[in-house]
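Reader: Before we discuss particular residues, please show me the structure and tell me how its terms are meant.

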Amino acid sequence: MATDNKYDRQLRLWGSHGQRLLSESRVCLLGAGATGAETLKNLVLPGLGSFLVVDDKRVSDTDLTNNFFVTKSSLGKPIAKEVTRNLVEMNEDVSGDFLETNPLAFIQSADRQKEEFSLVIASSFAKCEIGKVASVCSKLSIPLVVIRSYGLIGYIRIYSPEICVVESKPSPEPAEDIRIANPFPKLLKYATSICLEELDEKSFKHVPYVIILIQLLQTWKKQNNGLMPSTVEEKNKFREKIKEIARLPWGEEENLEEALNLAYMAFKPRPIPYDVDRVLADSTISKPNFKASPNLSNFWLMARALKLYVEDRGRSGGFLPLSGKLPDMTSTTEMYIRLQEIYQEKASEDLKTFSNMLDKVLEEAGLESTIIPSQERALFCKSATFLQVNRFRSFDQEYCTATANKDAMMMAVMEGVGDSSPQCPLVWYFALRACDKFYEKYGRYPGDTKTADLRKDTELVHSFGSTIVDDTGIEVPFTKDHASEMVRFGAAELHNIAALMGGIASQEIVKLLTRQYTPLNNTYIYNGITCSGAVYEL
C-alpha cells in the first residue's frame, strides 16, 4: 500500500513508540573513519534524533579510498566536520554536530554534554583506549558499542550495565497463550455452550479448534478424575478422540486438523517463560523486605507490579496477564468475533488488575501514578510474555585472566560455534588482541608503516597471540599464518568490511535505543576471508 510516510517500513518493525524513542536519542560517535561513518549513516536514515561526531584527524588520501562520506574536496579538512556535513544531508529530520578534538580526551574530560548521550559508538580503537572509554560510559550508565574493521576482520562489542527489553519479539514467535488447558470462566462458559452434536456438517466444520479442544478436555477430565493427559499413551488417546468426532473423511475438516496439530495446548497450562521468570526473580525487585524506590526505572516498577500480580493466585491463577490476541483459525465470522471479544475482555480485566497493583507500587515509591501513562502500562502487560533483562560482561571481566569467560569460549569451541577450523572467528578475536598488544607496546599497529619489518612484526604478533591463548587455556589453532595475515592487513579499514560491520552495528544500536528485540550478547566476530561470523559471550 502506498504511503507518504518515509518511515513506513520500519514502523512495521518497531512501531510508533519505537520510532519516538529513536527520534529522541542522541548518539556520540568517537572516530569518524569508514566504519564509524557507515554505522552512523544507518542510524541517520531511519530517523535518529541527533548525533555528535568527535575526531581530531584531517581527511587523508587513505580516507578517500574507504570513506564514502568524504570527497576529494575534503582533503586536509577536519574529518569530523566533513562526515557530519554529508550525513545530515541524508535526512532533514536529524541534527548533527561535530567536535574537532581528540575522542579519548573528550570522553575523559569534564564536558557535561556526555551526560546527554543515549549511546556512545567507539570506532577503531585499540584495547588500551577502549578500556578508558568503557570506564567513563560505565560510570554514566551509557551503553557503549565498540566497532572495528581490521583488514578482512570485523568486530562488534556491546558494553552496557543493563538493557531491559519489553518487546523482545522472538522469531519465530511462539503460539499465543489462549488458555485451552486452563480456560477462564467466560471462555469455558462459551465453549461448553455450543452443542457439537446438534450442528449440521457445514456448521460443524467451522467450529474453532479452541472450542473443540476445550470441550474434549473437559470430557476427558470428567472421565479421569479431573486429570489432564500426561503420559505419551494418554496424549495419543486424546488425539484419537479428535479423530473420532470427524464427520467427513479425514482431511476435509480443517478445524479438526488444526485441533489435532495444536492438541498439545490441552495437555498443560502455558508456564511462565524462562526469561520472564528470571525478571520476576531478579534481586532488583525480589530482595527480602523489598520496598519500591523512586530510583527504579519504569521497567522495574512495572516488573514489581507484575510479580505481585502473578503471586496473587486468587486473581491471576499464577499466570501472566492475557495479551488478548487471538490467532487465525477456521471459524465462522460470528464465532471468531465472539471469541475475540471474550479474550479482549479478559485482557482488559487483567490490565486493570495489573494497573491497580502498579499504582500501589508507585505509591510505595512515593511517585505519582501519572509517571507511567496508560499506553506504557498496556504495552508492558500485552508484552509480558516477552520481557527480558540483558546484562553484559564488563571490559575488566573480559580482559582479566581470572574473570575471563573461559567456560563460554571452551563451550563455543566444543560446540563448533563458527566452526573449529583455523578460520574460526574466535581465532581472529585472539589475533586482534595480539595486534592490540603490539600497539600498546610499540605505539603503532603491525605492518602499518612503509618501514616496518614485516617478518619481525609477524614474529611478535604470533608471540603475543600465543601467550594470550595460553593464558586463557582455550585450544584454538592460532598460528603464524594468522599473525602474518594480520600484519598484511596493516590495520587498514576496507570499505566493504566497514559497510557490513556498520550495518550490523547499527541494527544492534537500534535494538538498544528502542528497547526492542534481543541484542547480541556480547561480541560478534566476522571473518571476511570465509564470509562467516559468530557471537561469543566474552
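Author: A residue is buried when its relative accessible area is under 20%, exposed when it is over 50%, and partly exposed in between, with a 1.4 Å probe and protein chains only. Helices (H or I, at least four residues) and strands (E, at least two) are DSSP runs, numbered from the N terminus. This is a predicted model, in which local features need pLDDT of at least 70 and side-chain atom pairs count only at pLDDT 80 or more, whereas totals for chains, interfaces and linings use all residues. Residues are numbered from 1 along each chain as its sequence is written, and side-chain values use heavy atoms, with hydrogens and water left out.

Reader: Which residues of helix α12 are called buried, and what puts them on the same side of α12?

Author: In α12, which spans residues 274-281, the buried residues are V276, V279 and L280. They lie on the same side of α12 because they cover an arc of only 95° around the axis, the arc being that of the directions from the helix axis to the C-beta atoms. The face turned away from this buried side carries Y274 and A281, which are exposed. The buried residues of α12 pack against α13 (283-286), α14 (298-311) and β8 (388-390), where contact means heavy atoms within 4.5 Å.

Reader: What makes C137 and C164 count as buried?

Author: The relative accessible area is 2% for C137 and 11% for C164, so both values fall under the 20% limit and both residues are called buried.

Reader: What is called a cavity here, and which residues are closest to the centre of the largest one?

Author: On a 1 Å grid over the protein atoms alone, a cavity is a set of points where a 1.4 Å probe fits but cannot get out, and lining residues have an atom within 4 Å of a point. About 200 Å³ of space lies in the largest cavity, the volume being the space filled by probe spheres set on the points, which are joined across faces, edges and corners. Of its 19 lining residues, D177, R270, L320, P321 and T385 are the closest to the centre.

Notes:
1 Å grid on protein atoms, 1.4 Å probe; cavity = no way out; pocket = protein on both sides within 12 Å on 5 of 7 lines; lining within 4 Å.
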